[in-house]
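Hi,

Here's the structure I promised to pass along. Have a look at it first, then read my notes below.

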Amino acid sequence: MGRVTASLADLPLRDDLRGLTPYGAPQVPLPVALNVNENSHPLPDEVASDILDDIAVALRDVNRYPDREFTALREGFAGYLGHGLDASQIWAGNGSNEVLQHVLQAFAGPGRTAFGFAPTYSMYPLLAQGTGARWAAGTRQSDYTLTAVDAAAQIRDADPDVVMLCRPNNPTGTPLGIDVIEAVYEATRGVVVVDEAYWEFAPRGAVSALTLLEGRPRLAVSRTMSKAFAFAGARVGYLAADPAFIDALRLVRLPYHLSALTQAAAVAALRNSSTMLAMVDDIVEQRDRITATLEALGYQPHESWSNFVLFGGVADPKATFQALYDRGVLVRDVGIPNHLRVTAGTESETTAFLDALASIESAS
Ligand code: PMP
């Protein structure tokens, strides 16, 4: 049979998917990749070999389906999160993207609305629309912050079924007050997901949304092992919520969605969490160095509680992106006029980025 050359437009695709663009951050092998907010520190050797031992054991039973309830992993996450949580309040998936997809499949869907304050994580609209739901975008102040009064008013107006609160926000790095979450929860009849994917990079002593779970059955807090844990390639994300909320997610997940190898790797990684998280302080130091140096170069970095910095004052983001690319440094053009976003890397990667930027142009 010859190669089929139909285009997407020729296929009987769902009408509501026509014209959408898939997620597509460039994956190119540049020496300094600072574009998708990974942790660029490799796993410590001793952790890697501990994980491998557990994978080897799991492999011997791989002829059988895995534990559909991933009980050991849920217990591991409950222990890591603390706050008195137990396994009945934990869910997990292949990355927090899948966890968020489960939430949207259960609570959004055709005829329903999911809502977030733009600019925010680019996958929220795609995941929502993938379930057949409508995506509604609210607004932020000019510095990307949100106040409780304004956020609640926007929510009352939009009357969504699902609210996505990204905390700190991607792509801006902006923190979000606990008071805003409380006000949003009170203002909606829908479910509220606080996405704390970057939480480990927030200042010590900052209060997690996990503290709000008690007595709020429509609230969920999602996290990931892709960032602070340096585990992006393993694809493990998780969520904490009321046990009834978790039961709703069981309705939409595929049976055995977390492979035995993933479960084994993640349980072993959690056992080593203190070693795996040892790099967080270094990354925060590099993030703060990026902010200070960008300011000195005349750019306008935004406050960040994450492992990346969004900065304004870029006269021509496409040209600066390309000039950095030509010097072996990959950053992200997130489509905000006059802005670029960069992930805090290792000390030498961060230096490579800052030196390259200083060599190409001055800020506008
Ligand atoms: N939430 C936010 C805010 C993110 O930035 C990302 C990844 N960039 C995710 C969720 C999903 O990450 P993962 O699926 O790797 O857990």
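What follows covers the ligand site and then the cavities.

A word on the basis: this is a predicted model, where local features need pLDDT of at least 70 and side-chain atom pairs count only at pLDDT 80 or more, while totals for chains, interfaces and linings use all residues. Numbering runs from 1 along each chain as its sequence is written, and side-chain values use heavy atoms, with hydrogens and water left out.

Of the 13 residues around the ligand, S96, D195, Y198, T224 and S226 come nearest (near means a heavy atom within 4 Å). The shell splits into 4 nonpolar, 6 polar and 3 charged residues (Ala, Val, Leu, Ile, Met, Phe, Trp, Tyr, Cys and Pro count as nonpolar, Asp, Glu, Lys and Arg as charged, the others, Gly among them, as polar).

Ligand oxygen atoms lie 2.6 Å from a polar side-chain atom of T224 and 2.6 Å from a side-chain N or O atom of S226. Taken alone, the ligand exposes 400 Å², and the protein buries 94% of that (Shrake-Rupley areas, 1.4 Å probe).

There are also 2 cavities of 30 Å³ or more in the whole structure. A cavity is a set of points on a 1 Å grid over the protein atoms alone where a 1.4 Å probe fits but cannot get out; lining residues have an atom within 4 Å of a point. Volume is the space filled by probe spheres set on the points, which are joined across faces, edges and corners.

The largest cavity has about 50 Å³, and its lining includes H41, F229 and M279. That lining has no charged residues.

Cheers

Note on methods: A polar contact is a pair of N or O atoms within 3.5 Å; within protein, one must be able to donate a hydrogen and the other to accept it, and residues adjacent in sequence count only if both atoms are side-chain atoms. On a 1 Å grid over the protein atoms alone, a cavity is a set of points where a 1.4 Å probe fits but cannot get out, and a pocket is an open set with protein on both sides within 12 Å along at least five of seven lines; lining residues have an atom within 4 Å of a point.
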